[in-house]
Amino acid sequence: MTLTCPTPRHEDDVVLLGHGAGGRLTAELLDSLVLPALDGQHGPLEDAALLPGHPDLVISTDSFVVSPLFFPGGDIGSLAVHGTINDLAMRGARPIALSVALIVEEGLPLEELQRVMTSMGKAAREAGVPVITGDTKVVDRGAVDRIFVNTTGIGQRHLALRPSAALTRPGDAVLLSGPVGLHGTTVLSTREGLGFEGDIASDSCPLHRLVDALAPLGEQVHSLRDPTRGGLAAALNEIARDSHVPVEIDESAVPVPRAVAAACDLLGLDPLVVANEGCLVAFISPAAADEALAVLRSLPEGRRAARIGEVPSSGPAGRVTLRTLVGARRVVEMPLGEQLPRIC
């Protein structure tokens, strides 16, 4: 008898959690399976799409499966509203209407469903965006985890604002509207009982008012992205890839709250890959960078905005580099798979 060591099995025939993480596995799934089955032709994959035949209207859809349903700073209801509004805003659009679809597990306490819906309604009213249609389905116990939410948003673009992941140019300043890592570490700490949620809360909030304030800068606003799944690292890599430019950021300029840094040190995570739900990254013409930063800081949701880097005039296209605290440089890779599942 001949004994052999079996070849390690590569799970390329099943869906993995990492395929939904917003990193390299997500891109591979879209490019190899999803998009070819639809039309096979597409430009940069944006947070929202222009409505065919109506170039001033933008549409976005998203699903929310966050666990736990409730966490410091938010819950699945407010998160669904904020996340969809923000995807519209990243295309330079003012949100005008939302739809909501609920998939509810049999046995969910009605009190929990009421809490979710009350929070969702409050978030929509505070943002000034009505929920105009929706749907509800109830499935067998175990078919979903308590409740999943799908939202679709329609927005109207600002006349002079046309941001795209493909429009970043050499010389652009990279601005960040607030600290990173708050949402992901809060949700993870609450889920696993790590204790950090006493010091931090999710940054979940609508960002359309920040974009409204940037609108007068018009075409000097080149790219906008909210760094959700995959964090700031994924957002920067997507823009660098689609614009075919290098991006360089300064570690000392990226605002990382002390509690987030402590949680990431404990868990072995990089704050740059942790999900956010209340900040945006903007690539701005150098001539307008100071004005854009002042505009962001003039609003409560952007008061901690910072200039964190720039687009060099030379360097490998598509590469994101970090200048470290000790003066070295390291490449910031696109996250591969899922480090923090069920975050949004």
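Predicted model: local features only at pLDDT ≥ 70, side-chain atom pairs only at ≥ 80, totals over all residues.

Trainee: Why is Cys205 called buried?

Mentor: Buried means under 20% relative accessible area, exposed over 50%, and partly exposed in between, with a 1.4 Å probe and protein chains only. Cys205 has 16% and is therefore buried. Cys344 also counts as buried, at 16% relative accessibility.

Trainee: What places Arg115 over the face of Phe70?

Mentor: A charge sits over a ring if NZ of Lys or CZ of Arg is within 6 Å of the ring centre and within 35 degrees of the ring normal. Arg115 lies over the face of Phe70, at 3.7 Å from the ring centre.

Trainee: Which strands make up the open sheet of seven?

Mentor: Strands (E, at least two residues) and helices (H or I, at least four) are DSSP runs numbered from the N terminus, and two strands pair if DSSP finds at least two bridges between them. The order is E9-E11-E8-E12-E10-E13-E14, with mixed pairing. At the edges are E9 and strand E14 (329-331), each of which pairs on one side only.

Trainee: How do you know that E11 pairs with strands E8 and E9?

Mentor: Strand E8 (residues 173-176) is joined to E11 by four bridges, and the two run antiparallel. Val174 has Phe283 as its bridge partner in E11. Strand E9 (residues 221-225) also pairs with E11 over four bridges, in the antiparallel sense, and there Val221 has Ile284 as its partner. Within E11 (residues 281-284), Val281 and Phe283 point one way and Ala282 and Ile284 the other, and all are buried.

Trainee: What joins E8 to E12?

Mentor: Four bridges link E8 to strand E12 (residues 306-310), and the strands run antiparallel. Leu176 stands opposite Ala306 of E12.

Trainee: Why are E1 and E6 said to stand at the edges of the other sheet?

Mentor: That open sheet has five strands in the order E1-E2-E7-E5-E6, and its pairing is mixed. Strand E1 (49-51) and strand E6 (131-139) each have a single partner strand, so one side of each is left without a neighbour in the sheet.

Trainee: What makes E5 and E7 a pair?

Mentor: Strand E5 (residues 93-105) and strand E7 (residues 147-157) are linked by 11 bridges in the antiparallel sense. One of the facing positions is Ala97, opposite Ile154 in E7.

Trainee: Where does UniProt place the PurM-like N-terminal domain?

Mentor: The unreviewed UniProt entry places this domain at residues 46-155; positions follow the numbering used here, feature names are shortened, and annotations may be inferred rather than shown by experiment. Over residues 46-155 the chain is 29% helix and 45% strand, with its end C-alpha atoms 14 Å apart.

How values were computed. Residues numbered from 1 in each chain as written. Heavy atoms only, no water.
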